[in-house]
Amino acid sequence: MKKIIQIFLNGILKENPVLIMAIGLCPVLACSTTATDAVGMSIAATFVLVCSNFIVSMIRKIIPTQIRIPVFIVIIATFTTIVDYVMQAYAPRLSDNLGVFVPLIVVNCIILARAEAFAYKNSVVHSIVDGLGMGFGFFVAIVSLGIIREFLGSGTIFNSKPILSNPAVIMILPPGAFLVIGCLVTLVKYIENKVKKDKKKIVSNLPSECEGCTMKLICIGQLQANIKKSG
Amino acid sequence: MNSNTPLIAILVSSIFVNNIILMRFIGLCSFFGVSNRLSSALGMSLAVTFVMSLATTISWLIYNFVLIPLNLVFLKIIVFILVISSLVQLVELFMKKNLPMLFKALGIYLPLITTNCAILGVTFLVVDYKFNFLQSIVFAVGTATGYSLAIILFSSIRERLEIAPLPNAVKGYGIVFITAAIMSLSFMGLIGLFGF
């Protein structure tokens, strides 16, 4: 039980996919012009994440190591198709607003990275909890971004009555997205530096070029698999 | 944009006005991931240009000549991602055997391209806009040029940022995002060009 809570919190705080690891950024920036869109996007992504983690961890023992990435991609693509069609049928306005970013969930680095780095190595229950935790971490990041941008850019919150009389339209345009997430990441890092002086690195023993790369999680999985295979 | 948009307008719009990274937010992972060195940015943009043009051509053909006649449009997400990942594998094998020099330069970027949303995004956008064959190719080449332009400019800025004195909290991704905001702001100045 303790481990389950730890896995869940891990996704929100220590390894928050967006604010700490800076992966899966495309939907975070593009779908946060209003808080409502942000909620819709995070629910869709979390659904795909939890389902793909569930299936991958269930069949992890019968997936051959060499072709596991294509297998993951097909599983993720299936659930993305389901989300896409359900959204078109029951939430057409949301589907229009999110546009091409609904099918693009399939290449969201968070989902593939979790399938590779967690679900492929852990039990079904733990993988579902990990999916929920990561999904919630994603939700926190994208919705806070959505609320800030909607408030500053259109002066409303969740399509309420206007609160600000002279909103700064730049905030709902592309530059505003980069600016707000830059400030959020800075804030998180500032708090992190204050809270703990001895921060452990998540990733170690990597060539220095890998430091800034968002794909390092996937690469590490491949590295470990090769090591396992060779002995 | 739709199927009546002239080719030159598609080209200009996809390079500058609707720049795929700074205006549409597609392909950000690789944009922030490999832009810390100018050399890796160059390699990545070459690989993206190559695969994007090829992938868009093939997926357009498959969509219009296989999926639509067979009423299988609902499979497009699965089919497109499989086309792209197998294409990347094929290109990798072909390069390794016949163009070892090119493989040395682009090799490590090719596997990353499978999960690059820019490639998949363009194949979906082409379908959404109902472009014809020629328009799709122009759109793919223009988008790839826009991607290269953004990532090369950005990596040159980042190389200088590394030696700049910065507060601890802004170091790393904070300053990178804020730099991108300023670049995006400057690209917004191009809105209105050719009526877009």
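**View 1. The run of elements in chain A.** From the N terminus on, chain A reads α-α-α-α-α-α-α-α-α, which comes to nine helices and zero strands. Helices (H or I, at least four residues) and strands (E, at least two) are DSSP runs, numbered from the N terminus. This is a predicted model, in which local features need pLDDT of at least 70 and side-chain atom pairs count only at pLDDT 80 or more, while totals for chains, interfaces and linings use all residues. Residues are numbered from 1 along each chain as its sequence is written, chains are lettered from A and ligands numbered from 1 in the order in which they are written, and side-chain values use heavy atoms, leaving out hydrogens and water.

View 2. Of the 231 residues in chain A, 52% are buried (under 20% relative accessible area; exposed is over 50%, partly exposed in between; 1.4 Å probe, protein chains only). Chain A exposes about 11,100 Å², with carbon and sulfur atoms supplying 68% of it (Shrake-Rupley method, 1.4 Å probe; for residues, only the protein chains shown count as cover).

**View 3. A nonpolar patch on chain B.** Meet Leu61(B), Phe65(B), Val66(B), Leu70(B) and Phe133(B), which together have about 460 Å² of accessible area on the surface. Patch residues have over 30% relative accessible area and no salt bridge; like charges are joined within 9 Å, nonpolar side chains (Val, Leu, Ile, Met, Phe, Trp, Tyr) within 5 Å. A salt bridge puts a side-chain nitrogen of Lys or Arg within 4 Å of a carboxyl oxygen of Asp or Glu. Helix H3 (residues 38–67) of chain B gives the largest share of the patch, three residues. Val66(B) lies in this helix H3 and counts as partly exposed because its relative accessibility is 37%.

**View 4. Helix H9 of chain B, largely enclosed.** In H9(B), 12 of the 16 residues are buried, so the rest of the structure largely encloses this helix. Among the buried residues are Tyr173(B), Phe177(B) and Met188(B). Their cover includes helix H2 (25–30) and helix H8 (174–195) of chain A, along with helix H1 (7–17) of chain B.

**View 5. The largest nonpolar core.** Such a core joins buried Ala, Val, Leu, Ile, Met, Phe, Trp, Tyr and Cys residues through side-chain atoms within 4.5 Å. Among its 125 residues, those touching the most other members include Leu104(A), Phe178(A) and Leu120(B). H3(B) gives the most to this core, 10 residues. Beyond its neighbours within four places in sequence, Leu120(B) is in contact with residues including Leu104(A), Val106(A) and Phe80(B) (contact: heavy atoms within 4.5 Å).
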